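Keep the sequence and the 3D view open while you read.

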Amino acid sequence: MPQWVYNHRGSIRIDIETCTACKLCYEELPELFADRGDGIPIVYARVIGEDTKERLFKIAEDCPSGSIILE
Ligand code: SF4
């Protein structure tokens with residue numbers, strides 16, 4: 001059973017079983033993601049602007065393991 005890290009709105013999920021801790025998401029979008037301490041990201045922003053949203057879509061596409069799930 002996968003484990004999930006949710007943001008407060010429940011619209012962004014990180015599959016921590018498939019995440020390879022490549023650092024891309026929190027290096028590219030530090031206003032939304034952070035390293036929880038072991039390389040796995042946490043999502044901590046509640047509301048994001050349009051610019052951040054577009055960058056989020058790109059990073060979700062670029063995630064090498066497809067671990068960023070947007071709903
Ligand atoms: S980009 Fe994907 S694989 Fe890399 S740290 Fe973020 S969620 Fe994990």
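Glu71 lies in the segment after strand 5 (68–70). Strands here are DSSP runs of E with at least two residues, helices are runs of H or I with at least four, and both are numbered from the N terminus. Glu71 is exposed, at a relative accessible area of 61%. Exposed means over 50% relative accessible area, buried means under 20%, and partly exposed is in between (1.4 Å probe, protein chains only).

## Model and numbering

This is a predicted model, in which local features need pLDDT of at least 70, side-chain atom pairs count only at pLDDT 80 or more, and totals for chains, interfaces and linings use all residues. Residues are numbered from 1 along each chain as its sequence is written, and side-chain values use heavy atoms, with hydrogens and water left out.

## Fold and core

The chain has two helices and five strands. From the N terminus on, their order is β-β-α-β-β-α-β. Of the 71 residues in the chain, 35% are buried.

The largest nonpolar core has 16 residues. Such a core is a set of buried Ala, Val, Leu, Ile, Met, Phe, Trp, Tyr and Cys residues joined through side-chain atoms within 4.5 Å. Ile12, Leu32, Phe33, Leu56 and Ile68 have the most contacts inside this core. Strand 2 (12–15), helix 1 (24–28) and helix 2 (50–62) each give two or more residues to the core. Helix 2 supplies the largest share, three residues.

## The ligand site

Which residues surround the ligand? The shell consists of Cys19, Thr20, Ala21, Cys22, Lys23, Leu24, Cys25, Pro41, Cys63, Ser65, Ser67 and Ile68. Eight shell residues are nonpolar, three polar and one charged. In this scheme Ala, Val, Leu, Ile, Met, Phe, Trp, Tyr, Cys and Pro are nonpolar, Asp, Glu, Lys and Arg are charged, and the others, Gly among them, are polar.

The ligand sits in the largest cavity. A cavity is a set of points, on a 1 Å grid over the protein atoms alone, where a 1.4 Å probe fits but cannot get out.

## Cysteines

The structure holds zero disulfides, a disulfide being a pair of cysteine sulfur atoms within 2.5 Å. Buried or exposed: which is Cys19? Cys19 is buried, because its relative accessible area is 18%. Cys22 is partly exposed, at 40%.

## The loop between strand 2 and helix 1

Ala21 is in the loop between strand 2 and helix 1. Lys23 is in that loop as well. Most residues other than glycine have a negative phi. Ala21 is not a glycine, yet has a positive phi of about 55°. Lys23 also has a positive phi, near 80°. Ala21 is partly exposed, at 27% relative accessible area. Lys23 is partly exposed too, at 43%.

Asp38 is in the loop between strand 3 (33–35) and strand 4 (41–43). Asp38 is partly exposed, at 45% relative accessibility. Asp38 and Ala21 are 17 residues apart in sequence, with C-alpha atoms 7.9 Å apart.

Notes:
A residue is near a molecule or strand if one of its heavy atoms lies within 4 Å of it. On a 1 Å grid over the protein atoms alone, a cavity is a set of points where a 1.4 Å probe fits but cannot get out, and a pocket is an open set with protein on both sides within 12 Å along at least five of seven lines; lining residues have an atom within 4 Å of a point. A molecule sits in a cavity or pocket if more than half of its atoms lie within 2 Å of its grid points.
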